[in-house]
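This report walks through selected helices and residues of one model. Keep the sequence and the coordinates at hand.

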Amino acid sequence: QLPPDRTKHGTLVEALLEEERLCDTLGRRERQEAVIEQILSILRVYEDPPSMAAACVRRGDLCTQLGRFEEADEALNQALSIRRGLSDRNGESIALRSLSFLRWHQGRHQEAVDCNEAALLIDYERGDLRAMSHDLTNLAPLLQQLGDFNGALERLEKALELETSEQDAFN
């Protein structure tokens, strides 16, 4: 019932991004894909680079889960390019983390490590301890796959140290 302007479409995109996240959690992949396509069609008309980057990451993550790696690569590289163009270091880190997830699924473990370490460096620069902990936790199985068991253990111990300093019971 909002007037047909950028505010209406921004609100709709926000609501659809929330719906997409719920579909992801519930494993409703067909609905999730339809929601992402709806978001992208809105954003093709109403330019909103941050929302477009977020939608591209969501599309990339979904395509990774569905084994559609070429589509995932395209979407995630688009998101990374947008975030870098905006000088959005947090968004860049998120896109790199998703690229790492894609590379891991592709069996390209060293590239996955490289993407994740780039995200970790950004999160370190930003002082985002929670994101650093997630990056370190993501790195451990990758390093394990590469046979670097000591490196994997070191990353997990560092993540545990960060979580203890944050005193976040959930993590």
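R44 lies in helix α2, residues 29-45. Helices here are DSSP runs of H or I with at least four residues, strands are runs of E with at least two, and both are numbered from the N terminus. R44 is exposed, at a relative accessible area of 57%. Exposed means over 50% relative accessible area, buried under 20%, and partly exposed in between, with a 1.4 Å probe and protein chains only. Contact means heavy atoms within 4.5 Å.

The model is predicted: local features need pLDDT of at least 70, side-chain atom pairs count only at pLDDT 80 or more, and totals for chains, interfaces and linings use all residues. Residues are numbered from 1 along each chain as its sequence is written, and side-chain values use heavy atoms, with hydrogens and water left out.

## The α3/α4 pair

Helix α3 (residues 49-65) packs on helix α4 (residues 69-85) at about 155 degrees, and their axes are 8 Å apart. Axes are lines fitted to C-alpha atoms, for helices over the stretch in contact; angles run from 0 to 180 degrees between N-to-C directions. The pair is therefore roughly antiparallel, the term for angles over 145 degrees.

The α3/α4 crossing is left-handed: the near helix is turned anticlockwise from the far one by less than a right angle. Contributors from α3 include P49, M52 and C63, and those from α4 include F69, L76 and I82. The residues of this contact divide into 14 nonpolar, 3 polar and 4 charged. Nonpolar covers Ala, Val, Leu, Ile, Met, Phe, Trp, Tyr, Cys and Pro; charged covers Asp, Glu, Lys and Arg; the others, Gly among them, are polar.

## The loop from α4 to α5

S87 sits in the loop between α4 and α5. Its phi is positive, near 55 degrees, in a residue other than glycine. S87 is exposed, with a relative accessible area of 61%.

S100 belongs to helix α5, residues 89-105. S100 is buried, at 2% relative accessible area. Beyond its neighbours within four places in sequence, S100 is in contact with A112, C115, N116 and L142.

Among the buried residues of α6 are A112, C115 and N116. The buried residues of α6 pack against α5 and α7 (129-145). G127 follows α6, with a positive phi near 70 degrees.

Technical notes
Angles under 35 degrees count as roughly parallel, over 145 as roughly antiparallel, 65 to 115 as roughly perpendicular and the rest as oblique.
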